[in-house]
Each structure stands twice: as structure tokens, then as C-alpha cells.
Amino acid sequence: MPETWVGATAKQIARAVRRGDASATQVVADHLDYIRANDDQVHAFRALRESEAAFEAAEVDDQPDLGHLPLAGVPVALKENTPIAGLPTWRGSAAARSEVAEADHEVVRRLRGAGAVIVGVTRMPELGLWATTDDDSAVTRNPWNFERTPGGSSGGSAAAVASGLVPIAHGNDGLGSIRIPAACCGLVGLKPGRGVVPAQLGREDWFGLVEHGILATTVADAAVGFSVLAGRTPGKLEHPPRLRVAVSLRSPVAGTAADAANREAVSTATNLLVEAGHDTVSADPAYPVGLGLRGMATWFAAAYRDAEDAGLLDAKLQPRSRRHLRMGRWAWNRGLIREEDREGFRERSIAFFGDGNYDVLLTPALARTPLPARSWSARGWLANVTACLRFAPYAAPWNVAGLPALTVPVGVRPDGLPAAVQLVGPPGSELTLLAIAGQFELLHAWRRHAPGFPITAPARTR
């Protein structure tokens, strides 16, 4: 038995708890000790559920049959905009915080039902609007380089996993909010396709753009986490057949392009695909003219409608957020948000994969180095919007199309930060994307945690 379970994978922990080689109480206590000692370096957590998590871990241990629990005793962090009974739902700042939730969100119920123990909630930018994570109480930092952001909006979840505070974490993704942090922090991050996991987040789920998913250090952990959220029985990933993969460097946002390090990441991934027996072809998806402007208008309006529904339009939000909501009201009132535009792009995107064209699309995950870790919440709206678009333009189209997309690490960049790529597939291809990522992991294994993490934990004294 190890001195501490910190640093173990979710599958290792669950297997040990199911076999009786470890107790959920022991595992959760190890992680809470580690979080208390080390979270001040990355500021991943908004709040811990220390006594509640200890009690719930004991309840897992008391179950007579643990064999059916795929996440038995696994400590999990939840993004702070997802209701957990007994906790406020912060939404990224004290000003946006809602009252204590009376009931768990469905994804929380599913995680608990699988034996997971929710140890706390992780930080996000206000209203989940930005690709960086900070507010006036803390700047969340990338464990790979404290001077860089872990991304957003699931930045706290990514920082928690990359530093070993938890083995897996929940996130949600409206315009890249799982995949961008996963790329920044060297993690596997999956956004499922539309309707696969109950969204139930905000008004109309941000016009259907938002999905819940998992951030993990291994493909196996990402796969079991996805299965739990999707209400499926976890199974072994099957070796994928020979696939035809479209490779594209084209940015969906005019005026942005992948830098040399991100182009090299795509080259590395292309070579891995060929080594795994797949065919690769240079081909660009049909991003429509004006997708960037339409996408931005949808981003504005989704935030406005969500804030209106939550009664936050008159809250003392950050100046950048208030302007964003004003832009959203303007876009909504002028009828710039049209379902037929989104459905048209979805149909064209599905057609890109149809009729034997391509099975999977490979793109950069990011365009530039992760942004500096600073108080972006104190900067102006235009500075935030411009920085986010330039650094991470590749994720958002697949929320609009409602297609599954996954970030997978492919090594380390010259600056020491993780290298990553994005894989996109047609509806129902989540397991195919994970299987390809599994081939990458076998052929070109990545570092599971940031260098120096997990910091050596003290020997167990309990």
C-alpha cells in the first residue's frame, strides 16, 4: 500500500477501494491533506467540502457491494457553476454567486452514484466567459508555469488535476472551456457531443452550446469519467479501425493562426496517426464566412440571457462582464442569434464527416502560448476578448456544431509548456476520439502531472 494515494489515477484508486486494498476514507483524507498544503500555489479551489467529503467517503466504505462502483472512493472536484446541494453556486465571483443549492445537478448525482466523493469546487472566471481564470480574490495559475494561465473557463479544474490535487475533475464547455484548459495544462479533456450528457446549465444551455465533461491525466480515466457522466456502463476502449483523418491548420477566426509550436504539435500528432495505421489527408472544414462574428454574437447573447435568467443583470459584476452583457442584450434585441445559422453549420459539419469523407478531424488545440497569469478581471473588455480569440480560436466551432471534441497532449513545447492537439468527430464518436488518444498515449506517453507535482506528500499518519 502506498504511503499516500495522491498522484494515483482514478482507476487505480477505484480498483484498490473495490478490492479492499484501500478505504475511501483513507484516499479522501490523503487528498484533502494535500490540497490544504498545496493549493495556495495554484489557487484551483474556491471551497472545500472537508467534513462532508469525509462523511461521504465513510458512506462509500460502508456499502456492502463496491463492485459496481466505477469511481469507488475517487476524490473529484466540481466546477463551481454546477449546483451541489448545500453549497452556493459561485459562477466565478462573489457578485455572481447564487443561493445555496437545494439539490445536486444530475451530473453530480451520477458521479456520486458511481462512488466518487466531491471534495470541493474549482475556480472559474466570472460567468464562465473567459479563457483565463481569476477574480479579485485570486489568480489561478498553471502548474507547469506559475506565470501562465491554466486557461478557462474550467481553469481551476485543470490546475487541480495537473498538480495532483485530485485525479480527475469535472468541467463544462460552452466555447472550449474544457479543451482550452486541458491544452494549457497537459491533460485529456473531452467535450461530448450535444445531448450525450444532460447539460441543464443556464438558460437554454447557452443555445445548446454547453456540455459537461471530464479532465484527466490518462485516457482510461477520461473514458470512465465520460461513461459515468453519460449514464453508461464503463467498458474497455476498442482498438479503432483504420481511419481517414483530415488534418487542418486553418483557423476559424480571421486574423489568427497557429504559431510554430502549435503547428509542430499537429505534425507530431499526424505522425502518430500514421504510426498507428491511420490515413491522414490535408483538408479544411467548411467554416462559414462570418462564423467568428456570428460566434461572438452568440457568446454575448448567451451570457446575457443566462445572467437575465439568474437575476444578475444588476449585480456588481466586473466591468468586462457588464460590458459583455450589454453587448449580449444588443445582439439579442437585434435578432443576430438565429437557430438556423447554428443548425446550418451543424449540418455542414456532419456532412464533412459523412459519405466516406473523413472519420476524424485533427486541428491545433491552441494558436499561441497560454496567456500570462494576471488579473485579467481588472482589465477592459476589449483586451480580454482580443486576447482570448488570438490564443484559443480552434475550440468554439464544435460547440456551435454540437460535435464531440477532445484535447490530447502530444509532448512538451520548446518553452516547457505542454503541447496538445484537438480531435473532432461526428455525432456519437466520443469513444473513437478517446481510442485514438489512447493510441497516442501508448506510442508517445506524456507526463501525467506538471513537473514538480505532486509535491512529495507526508507519510500517512492515520
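**Note on salt bridges, cores and cavities**

1. Arg 110 and Glu 106 lie 4 residues apart in helix H4, so about one helical turn separates them. The two form a salt bridge in this predicted model, with the closest N and O atoms 2.9 Å apart. Arg 110 is partly exposed, at 24% relative accessibility.

2. Arg 112 is also placed in helix H4, which covers residues 106-113. The side chain of Arg 112 meets that of Glu 56 in a salt bridge, at 2.8 Å from N to O. This pair links distant parts of the chain, since Glu 56 belongs to helix H3 (residues 50-62) and the partners are 56 residues apart. Glu 56 is buried, with a relative accessible area of 15%, whereas Arg 112 is partly exposed at 24%.

3. Arg 112 has a further salt bridge, to the side chain of Asp 104, again listed at 2.8 Å from N to O. Asp 104 has a relative accessibility of 15% and counts as buried because the cut-off is under 20%.

4. Over the whole structure, the search finds 18 salt bridges. Some of them share partners and join Arg 46, Glu 80, Arg 123 and Asp 135 into one network. Side chains of opposite charge can pair when their charged atoms come close.

5. On the nonpolar side, the largest core has 136 residues, and Leu 71 and Phe 440 have the most contacts inside it. Helix H10 (residues 291-309) supplies the largest share of this core, 8 residues. Another core lies apart from it and has 14 residues, among them Phe 353, Tyr 358, Leu 403 and Ala 405.

6. Which residues does Phe 440 touch, not counting those up to four places away in sequence? They are Ala 269, Leu 272, Leu 273, Val 408, Val 410, Val 421, Ala 445 and Trp 446. In soluble globular proteins, nonpolar side chains tend to be buried together.

7. The largest cavity has a volume of about 50 Å³. Helix H6 (179-185) and strand S15 (418-424) are the elements that give two or more residues to the lining of the largest cavity. S15 gives the most, with 3 residues.

8. The lining of the largest cavity divides into 8 nonpolar residues, 1 polar and 1 charged. Residues lining this cavity include Ala 183, Cys 184, Asn 262, Leu 366, Pro 370, Arg 413 and Pro 418.

Technical notes:
Residues numbered from 1 in each chain as written. Predicted model: local features only at pLDDT ≥ 70, side-chain atom pairs only at ≥ 80, totals over all residues. Heavy atoms only, no water. 1 Å grid on protein atoms, 1.4 Å probe; cavity = no way out; pocket = protein on both sides within 12 Å on 5 of 7 lines; lining within 4 Å. Points joined across faces, edges and corners; volume = space filled by probe spheres on them. Nonpolar A, V, L, I, M, F, W, Y, C, P; charged D, E, K, R; others polar. Core = buried A, V, L, I, M, F, W, Y, C linked by side-chain atoms within 4.5 Å. Buried < 20%, exposed > 50% of the residue type's maximum accessible area, 1.4 Å probe, protein only. Contact = heavy atoms within 4.5 Å. Salt bridge = Lys/Arg side-chain N within 4 Å of Asp/Glu carboxyl O.
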